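Reader: I've got a model open on my screen and I'd like to learn how to read it. Could you walk me through it?

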Amino acid sequence: MVGVPDHVFSEAVAAFIEVRAGHQLDAEGVIEDTRSRIAGYKKPKYIYFVEQLPRNALGKVVKTDLRALALANVSG
């Protein structure tokens, strides 16, 4: 999850999900599932499904790449 600019709350949550082969998810289902598990302000406003999360040489997720992807999709 990364933060992206929001005109109402100044920042919103964008979640990136790697879907396993043979599984299907939809954005509304993910948001609904998070509603009972986390606080409302932590609930993602944007959901992006990706084949693979960008990782560095140590295997850690590169959040700057995710933020750039989210900004490109939110703005455009």
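Author: On a 1 Å grid over the protein atoms alone, a pocket is an open set of points where a 1.4 Å probe fits, with protein on both sides within 12 Å along at least five of seven lines, and lining residues have an atom within 4 Å of a point. Grid points are joined across faces, edges and corners, and a volume is the space filled by probe spheres set on the points. Here, the largest pocket comes to about 190 Å³. Keep in mind that this is a predicted model, where local features need pLDDT of at least 70 and side-chain atom pairs count only at pLDDT 80 or more, while totals for chains, interfaces and linings use all residues. Residues are numbered from 1 along each chain as its sequence is written, and side-chain values use heavy atoms, with hydrogens and water left out.

Reader: Which residues line the largest pocket?

Author: Asp 6, Phe 9, Glu 11, Ala 12, Val 13, Gly 40, Tyr 41, Lys 43 and Lys 45. To sort them by class, count Ala, Val, Leu, Ile, Met, Phe, Trp, Tyr, Cys and Pro as nonpolar, Asp, Glu, Lys and Arg as charged, and the others, Gly among them, as polar. That gives four nonpolar, one polar and four charged residues in this lining. Strand 2 gives the most to it, with three residues.

Reader: How many helices and strands does the chain have?

Author: Helices (H or I, at least four residues) and strands (E, at least two) are DSSP runs, numbered from the N terminus. This chain has two helices and three strands, in the order β-β-α-β-α along the sequence.

Reader: In which sense do strand 1 and strand 2 pair?

Author: Two strands pair if DSSP finds at least two bridges between them. Strand 1 and strand 2 (residues 10–18) run antiparallel, with five bridges, and a hairpin of three residues joins them. As one example, Val 4 has Ala 12 of strand 2 as its bridge partner.

Reader: Is strand 1 mostly buried or exposed?

Author: Buried means under 20% relative accessible area, exposed over 50%, and partly exposed in between (1.4 Å probe, protein chains only). Four of the five residues of strand 1 (residues 2–6) are buried, so the rest of the structure largely encloses this strand. Over the 76 residues of the chain, 26% count as buried. Ser 10, in strand 2, is exposed at 59% relative accessibility. Its phi is near 75 degrees, a positive value in a residue other than glycine.

Reader: Which residues of helix 1 are buried?

Author: First, the general idea: an α-helix has 3.6 residues a turn, so residues three or four places apart point the same way. In helix 1, Val 30, Ile 31 and Thr 34 are buried. They cover an arc of only 95 degrees around the axis (taken from the directions from the helix axis to the C-beta atoms), which puts them on the same side of helix 1. What covers them includes strand 2 and strand 3 (46–50).

Reader: What is Thr 34 in contact with, beyond its neighbours within four places in sequence?

Author: Contact means heavy atoms within 4.5 Å. By that rule, Thr 34 touches Lys 43 and Pro 44.
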